[in-house]
Amino acid sequence: MKLTFEIVELQTRHAFNIARQVGPPTRRLVWVRVRDNDGVEGWGEASPQPFYGETADTVTAILPRLAEALEEAAGGDPFALERIDTALHHALAHNGSARVAISAALHDLVGKRLGVPVWKLWGLDPAAAPRSSFTIGIDEIEVMRAKVREAAAYPILKIKVGTPRDREILSMIREEAPGKTIRVDANTGWSAKQTIAAMPMFQEFGVEFVEQPLPAHDLAGLKLVRDHSPLPIIADESVENATDVAKLAGVVDGVNIKLSKCGSLREAIRIVQAARAHNMKVMLGCMIESTLGIAAAVQLTPLVDYVDLDGAALLAHDPFDGPGIEADGRVRFNAEPGLGVSSK
């Protein structure tokens, strides 16, 4: 099998800021293609995040190494998905976005070889997919107000918090969207004390749950928050792969899976299974990604409780067509084989 790749630069429609960083307007992603000996080609995307030690340059630097591991493990057989997945993990334990680009490309390729969408290959039911939220990043109040109005069709909003203006922000959100479901995400920006103190405010504004309020490593703090929280706590940065789930049992109420963190579609399914074994809720999120990256996550949505796959909807221009989310948050599946993605 032959692996090729190229960097793709994308622009967000608006600044996308979170509690711990100001988001750059330009995102550099990596488009990965894997072609088998019969000329069938699968596509995947790496959306690297500096928070996890990756950039587009690190991805392109290590893809040749992963290509060697792929070739050796596959032996020309793209259906050897589990063996390849293990080999890529052993070749490079971290660098999740680079590995998941290959994983997505292989599942796309296999689906195309069999003539079925990946979700159907797994026996999943699109009708079971929850609606997706739409994220409102931190900005000046009037800019955030304009973003909320642009997202008028979405019934679920995820609000980035972790500022001295959180009450003002949530008050504006409720003014503009009185009947919508609201979720909040502090992206590791608070202490346990700050989070507990904010809970009455969240209840006042009808928040559904709180995502990753504390630093990823502060499990004791997360447990303290959960023990004092009237709202569910969902871990994001604290969980990268399935082995992280057990240590979060009893600490949080659920986990947020992102393909760029866990490194493969198969590992994402293992996280779901581990979370279910511990009676935890499961959320499926994303980074700023094109439709190609979002399409891989779409295949998994029938397995989870909450969906947050708005990454491509935040872009000024998307170079791909395919599965994603509609303007009302419904998940749009592909009838075409594989991931169902085409370039514009």
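## Helices and strands

The protein contains 12 helices and 15 strands; these are DSSP runs numbered from the N terminus, with at least four residues (H or I) for a helix and at least two (E) for a strand. This is a predicted model, in which local features need pLDDT of at least 70 and side-chain atom pairs count only at pLDDT 80 or more, while totals for chains, interfaces and linings use all residues. Residues are numbered from 1 along each chain as its sequence is written, and side-chain values use heavy atoms, with hydrogens and water left out.

## Overall size and surface

The C-alpha trace of the protein spans about 60 × 40 × 40 Å along its principal axes.

Of the 344 residues, 59% count as buried, meaning under 20% relative accessible area, with exposed over 50% and partly exposed in between (1.4 Å probe, protein chains only).

Contact means heavy atoms within 4.5 Å. Among contacts with a separation of 6 or more, 69% are between residues 24 or more positions apart.

## The nonpolar cores

A nonpolar core is a set of buried Ala, Val, Leu, Ile, Met, Phe, Trp, Tyr and Cys residues joined through side-chain atoms within 4.5 Å. The largest has 86 residues, and those with the most contacts inside it include Leu 157, Val 184 and Phe 202. Helix H11 (residues 265-277) gives the most to this core, with 7 residues. Apart from it lies another core of 28 residues, among them Leu 81, Ala 101, Ile 102 and Val 110.

Leaving aside neighbours within four places in sequence, Val 184 is in contact with residues including Ile 159, Leu 170, Phe 202 and Glu 211. Phe 202 is found in helix H7 (residues 192-204) and is buried, with a relative accessible area of 0%. With the neighbours within four places again left aside, Phe 202 is in contact with Leu 170, Val 184, Trp 190, Val 207, Val 210 and Leu 231.

Helix H12 (residues 291-298) is mostly covered, with 8 of its 8 residues buried. Among them are Thr 291, Gly 293 and Val 298.

Ser 103 has its place in helix H3 (residues 96-114) and counts as buried at 5% relative accessibility. Not counting residues up to four places away in sequence, Ser 103 touches Gly 263, Ser 264, Leu 265 and Arg 266.

## Positive phi angles

Most residues other than glycine have a negative phi. Thr 188 is not a glycine, yet has a positive phi of about 70°. Thr 188 lies in the loop between strand S6 (181-185) and H7, and is buried with a relative accessible area of 15%.

Gln 212, also not a glycine, has a positive phi of about 35°. Its loop lies between strand S7 (207-211) and helix H8 (219-228). At 1% relative accessibility, Gln 212 counts as buried.
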